[in-house]
Amino acid sequence: MRRQAQKLPSQVPDDPDYRRLRFCRYADDFLLGFVGPKKEAEEIKERLRTFLQEELKLELSEAKTLITHAKTETARFLNYEIHTIQEDSQRDQRERRSHNGNIGLRVPEEVIQNKCQRYKPHSRKVLHRTELINDSDFTIIELFQAEYRGLVEYYRLAYNLHRLTTLEGVMEQSLTKTLAAKHRISVPKVYRKYQAISREGKKCYKVLQTIIQREGKKPLVARWGAISLQWDSKAPIKDHGMFLGPGRSELEKRLLADTCEYCGATGDAERIEVHHIRALKDLKTSDGREKPAWVKIMAARKRKTLVLCATCHQDVTYGRPMRRKPKSVHVKDDAGKPIALKGA
């Protein structure tokens, strides 16, 4: 065995016969890590191209299929920047350059700039999100938090995760300006109204939060902040984003859906559900007949969701005549004005 081991290729990188190849694939994206001459890397690329064309009838993307030097350049894989770390200043207790030669993952600066550009599209000034003004405070704060949390958790493996503090500042400005525009108050008043202290483990964070009390249940808490940017090289990727429903439908309304907005039935008597439509313009379509009462309610409130009991939801979904009568004068729009339900 000792004589056979001596005939194996050397594991010393300076050996001209030293070769190593590692393969990683996710869906239709793949990454090859090769230690060897560039000429052989180009031969591997051509063999991949031939295999894809002849066996799978696929074309190799020239824009994505690149040969890069891991020490001087970075390779893009699953929107991560991957390279070989070369940092002589970082040493361990034995004064060894412990980071050199290790593979590092980074958050691309392009990703941060594109995410920040969403909140300041036309200038350097951060703007509020107009499409969220009609939603509740709970929905607005929870939506901003879910979007930021999803990005942080996805890039948890990146050693420069702290660069997301730039995006955090931009999103917080947009959040406070959105709440200020909704309530027609100044941004400092928003901080005074929603600011709180949240303890996560041994750390305390200044956050923005709103609390909805519920009888016999735990209160609903929407919080912005208290997300650690600690790098974790062994963290599992949590890329399942929180579903907040289509368009401007409110998360709070789903969590507190205890009363049918059409007939007034409560959750104690029958199961409460939420009816969705694709767009508000669908409510304006007319076939010459009187519009149903549930259409008038959604059009007056300018919402793409309507909380209904199971009976009313079935009638609406299948286009049947409503088996229950509307609660008429008790139905009001967001301005507090009664909605006319004549012909319902």
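**Aromatic pairs and cysteines**

Tryptophan 224 counts as buried, at 2% relative accessibility (buried means under 20% relative accessible area, exposed over 50%, partly exposed in between, with a 1.4 Å probe and protein chains only). The model is predicted, so local features need pLDDT of at least 70 and side-chain atom pairs count only at pLDDT 80 or more, while totals for chains, interfaces and linings use all residues. Residues are numbered from 1 along each chain as its sequence is written, and side-chain values use heavy atoms, with hydrogens and water left out.

Seven aromatic pairs were found, where rings of Phe, Tyr and Trp (its six-membered ring) pair if their centres lie within 6.5 Å, and planes under 30 degrees apart count as stacked, over 60 as edge-to-face and the rest as tilted. One of these joins tyrosine 148 and tryptophan 224, with centres 5.5 Å apart and planes at 50 degrees, so the pair is tilted. Tyrosine 148 is also buried, at 1%. Another pair, tyrosine 154 with tyrosine 155, is edge-to-face, at 5.1 Å centre to centre and 90 degrees between the planes. Here tyrosine 154 is partly exposed at 21%, whereas tyrosine 155 is buried at 1%.

Turning to the cysteines, the structure holds zero disulfides, a disulfide being a pair of cysteine sulfur atoms within 2.5 Å. For cysteine 263, the nearest cysteine sulfur is that of cysteine 260, 3.6 Å away. The sulfur of cysteine 312 has its closest cysteine sulfur in cysteine 309, at 3.4 Å, which is too far for a bond. Cysteine 312 is buried, at 0% relative accessibility.
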